[in-house]
Amino acid sequence: MRILVIEDEVRLCEALVQLLRKQNYTVDSDNDGEAGLDDALSGIYDVIILDVMLPKIDGISILKELRRENMNVPVIMLTAKGEISDKVIGLDAGADDYLTKPFNTEELLARVRALGRRRGGIIEPSSLSCGKTSLDTQNLRLFCGAAEITLTRKECELLEYLIIHKNIISSKEQIIEKLWGFDSEAEANHVEVYVSFLRKKLKRIKSDVKITAVRGIGYKLETV
C-alpha cells in the first residue's frame, strides 16, 4: 500500500514517514500544499494523511480539489485544532477520517489499516493470499504449504500489487508509478528484473501462482 503524507512540521512528517515504513508501507511526503496537491493528483496513492494548516495551499483546499477531480482516495485529516466545527468542515469537504494533534500513533496506524481495507478491497498487509500462496508483508515472507522464502522489500511490494490486482493485466508504467513513484527514473527493465526474481522464488517454493507476461501490455498474476 502506498501512502502520501502532507505535513509542514518537518520533524512530525519525518516521524510519520519512519513509522509507516516500519509497517512496510511505501511512503512519500511533502511539506507544503502545492507540492502535496501535485503528488496527490497523480492517483497512485491508497491513503493520504493530510494536515489542515499548510503553506501555499491549505489542506481543506487540497481535499476539495481532489474531490472535484472525482478522486476517491481515502484521506485522514490532521489538525492542531480540536473544535467540532473544524472537524465538520473537513468531513464536509470529503475527509474520510480526522485526528487531532497530538495523537496516538497506534490509533493512526489502525485508521490507516481500516481505510486501506475499505479502498478497493485492499487486504490487511499481513494477510495477502492467492490460491494456496500467501504473503506476509510485515516480515517479507512468502509461503506455499510448508515451504517459505524471504523476499526483498521491492519484491514484496511488487507481489503485493499483483495479488491485489490478480487476474488483471497491469502495465509496466502502472507498476513503476505504484512502486517507484510517478516522478521516478525507474524504467521498464526495473520491472522486468523484479518479475524475474519473483518468478524464481515462486518456483523455488513450488507456488501455485505464476506471473504471466502479456506481450506489449504488462503482467498479471494467475493461479496454475
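**Cores and helices of a predicted model**

In this predicted model, the largest nonpolar core has 27 residues. Within that core, L135, L142, L151, L159, I211 and L221 have the most contacts. Two or more residues come from each of the strands β6 (128-130), β8 (141-144), β11 (209-214) and β12 (218-223), and from each of the helices α6 (153-164), α7 (172-179) and α8 (188-204). Helix α6 gives the most to this core, with six residues. Apart from it lies another core, of 21 residues, with Y45, I60, V75 and A93 among them. In soluble globular proteins, nonpolar side chains tend to be buried together.

Leaving out residues up to four places away in sequence, L142 touches T133, S134, L135, A147, E148, I149, L151, L159, L202 and I205.

Helix α8 also holds K201. K201 counts as buried because its relative accessible area is 15%, and buried means under 20%. With residues up to four places away in sequence again left out, K201 touches I149, T150, L151, T152 and E155.

Helix α3 spans residues 59-68. Its buried residues are G59, I60, I62, L63, E65 and L66; I60 is also one of the residues of the 21-residue core. The N-terminal end of α3 is capped by D58, which has a side-chain oxygen 3.0 Å from the backbone nitrogen of I60. Just after α3, N70 has a positive phi of about 60 degrees.

Conventions
Residues are numbered from 1 along each chain as its sequence is written. This is a predicted model: local features need pLDDT of at least 70, side-chain atom pairs count only at pLDDT 80 or more; totals for chains, interfaces and linings use all residues. Side-chain values use heavy atoms; hydrogens and water are left out. Buried means under 20% relative accessible area, exposed over 50%, partly exposed in between (1.4 Å probe, protein chains only). Helices (H or I, at least four residues) and strands (E, at least two) are DSSP runs, numbered from the N terminus. A polar contact is a pair of N or O atoms within 3.5 Å; within protein, one must be able to donate a hydrogen and the other to accept it, and residues adjacent in sequence count only if both atoms are side-chain atoms. A nonpolar core is a set of buried Ala, Val, Leu, Ile, Met, Phe, Trp, Tyr and Cys residues joined through side-chain atoms within 4.5 Å. Contact means heavy atoms within 4.5 Å.
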